[in-house]
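Here is a briefing on one protein chain. Please look over the sequence and the fold before reading on.

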Amino acid sequence: MNDRAVSLLDHYEIEVNRTWKGRGAILCDSDQGLLILKEYSGPADKVKFQDFLLKHIKEHGTVQAESILRTKEDEMIVYDQDRVPYIVKTYCEGRECNHRDTEECRQAVATLASLHDVSDLSAYGELQEQPVFRIEKEYDKHNRELKKVRKYLWEKSQKTDFEIYLMKHYDYFMNNALQITDELRYYAYEDDSYGYSIVCHGDFQYHNILQTAEGSLLINFEKCVRDYPVRDLYLFLRKLLEKNNWSQTLGDMLLESYNKVKSLTARDYKQLYYRLAYPEKFWKIVNFYYNTGKAWIPGRNMEKIEKLFAQEREKQLFLESIFK
């Protein structure tokens, strides 16, 4: 981040004591506590809805979350001399949720359930202005990309070891992706209106959960979106389960923690099943391979694809056990 961005703090009614660089941001000790200045990459009108959601969460008081500061001119976005947009948010001393600590992960899921409990905005007109995210459309896009890459690989005359290995298993995962998308479209949307009154965090991962002296603090709501609340639960579960070889015990514990605060419905479980069943990790590996230079394929790609194949049986056993 450019040091000149620090001058943007002059737009705010704050007294700055000192600043220092964080990860892709500038931290600021001020008379209003610890703040963070960072680039904003979303649409300009989205930040208004984000601010509305965060104020709604704060009013309920059951979940700790960041807040967005307004400038002296009552704006939420400031621009540097190159017209790069920035926002200033509250921050707190703390550390990321430890994804290796089962108890912290259970608490994170309980916090997520509390967030979903208070982020129902069905009574507010602001919600209707936000587009609804449809996961099957996202999967359709992924599937088109998978077909395109398969065609590219079939037509390539000389293949690397990685490409040969990838092709050996390609049809299994692509056919799985197509089947899951078709079933999701057919079975998971009996009631189109269900679930879309709740606003998801959109990027609920352990690095967006800070452990502080006052408890868990949720940050980085830039991707908040109207979607089924299981979007957040799915993302958190998938990341942890991939790191733990799709442990059924861990999955049961995390779902139990969520259900203790907010009960998942049959529709929720159906949505969660299809999102976990879709081979998103395979698509990510293929997408990264296709959109980067192919003259030299990083060894890490082979490690990822080998691990994915090795875990596939455990993943299927997990899905059969948890969603039987």
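The notes below cover nonpolar cores, helix packing and selected residues.

This is a predicted model, in which local features need pLDDT of at least 70, side-chain atom pairs count only at pLDDT 80 or more, and totals for chains, interfaces and linings use all residues. Residues are numbered from 1 along each chain as its sequence is written, and side-chain values use heavy atoms, with hydrogens and water left out.

**Nonpolar cores**

- The largest nonpolar core has 75 residues. Such a core is a set of buried Ala, Val, Leu, Ile, Met, Phe, Trp, Tyr and Cys residues joined through side-chain atoms within 4.5 Å. Buried means under 20% relative accessible area, exposed over 50%, and partly exposed in between (1.4 Å probe, protein chains only).
- Leu146, Tyr170, Leu233, Phe236, Phe282 and Ile305 have the most contacts inside this core.
- Helix H5 (residues 161–187) gives the largest share of this core, 9 residues. Helices (H or I, at least four residues) and strands (E, at least two) are DSSP runs, numbered from the N terminus.
- Another core, of 13 residues, lies apart from it; Tyr12, Ile14, Tyr86 and Val88 are among its members.
- Leu233 touches Val109, Leu112, Leu255, Tyr258, Leu264 and Leu272, not counting residues up to four places away in sequence. Contact means heavy atoms within 4.5 Å.
- In soluble globular proteins, nonpolar side chains tend to be buried together.

**Helix H7 and its partners**

- Two packed helices are described by the angle between their axes and the distance between the axes. Axes are lines fitted to C-alpha atoms, for helices over the stretch in contact, and angles run from 0 to 180 degrees between N-to-C directions.
- H7 (residues 248–261) packs against H10 (residues 299–322) at an angle of about 40 degrees, with the axes 10 Å apart. That makes H7 oblique to H10. Angles under 35 degrees count as roughly parallel, over 145 as roughly antiparallel, 65 to 115 as roughly perpendicular and the rest as oblique.
- The H7 and H10 crossing is right-handed. A crossing is left-handed if the near helix is turned anticlockwise from the far one by less than a right angle, and right-handed if clockwise.
- From H7, Gln248, Gly251, Asp252 and Leu255 make the contact; from H10, Leu317, Phe318, Ser321 and Ile322 do. These residues divide into 4 nonpolar, 3 polar and 1 charged. Ala, Val, Leu, Ile, Met, Phe, Trp, Tyr, Cys and Pro count as nonpolar, Asp, Glu, Lys and Arg as charged, and the others, Gly among them, as polar.
- H2 (residues 102–118) also meets H7: their axes come within 8 Å and cross at roughly 35 degrees. This crossing of H2 and H7 is right-handed.
- The contact of H2 with H7 includes Val109 and Leu112 of H2 and Leu254 and Tyr258 of H7. By class, this contact has 10 nonpolar, 4 polar and 3 charged residues.

**Helices H4 and H9**

- The axes of H4 (residues 135–155) and H9 (residues 280–290) come within 10 Å and cross at roughly 50 degrees. H4 and H9 are therefore oblique to each other.
- The crossing of H4 and H9 is left-handed.
- Contact residues include Leu146 and Val149 in H4 and Phe282 and Trp283 in H9. The contact of H4 with H9 has 10 nonpolar, 2 polar and 3 charged residues.

- Leu53 sits in helix H1. Leu53 is buried, at 1% relative accessibility.
- Beyond four places in sequence, Leu53 touches Ser119, Leu121, Val199, Phe221 and Cys224.
- Leu35 sits in strand E3 (residues 33–39). Leu35 is buried too, with a relative accessible area of 1%.
- Leu35 and Tyr91 are 56 residues apart in sequence and 4.9 Å apart in space, C-alpha to C-alpha. Other contacts of Leu35 include Ile14, Leu69 and Val88.

**Loop residues**

- Asn220 is not a glycine, yet has a positive phi of about 60 degrees. Asn220 lies in the loop between strands E10 (215–218) and E11 (225–226), and is buried at 18% relative accessible area.
- Trp246, also not a glycine, has a positive phi of about 55 degrees. Trp246 lies in the loop between H6 (230–243) and H7, and counts as buried at 5% relative accessibility.
- Thr62 is in the loop between H1 (46–60) and strand E4 (64–65). Thr62 counts as exposed, at 54% relative accessibility.
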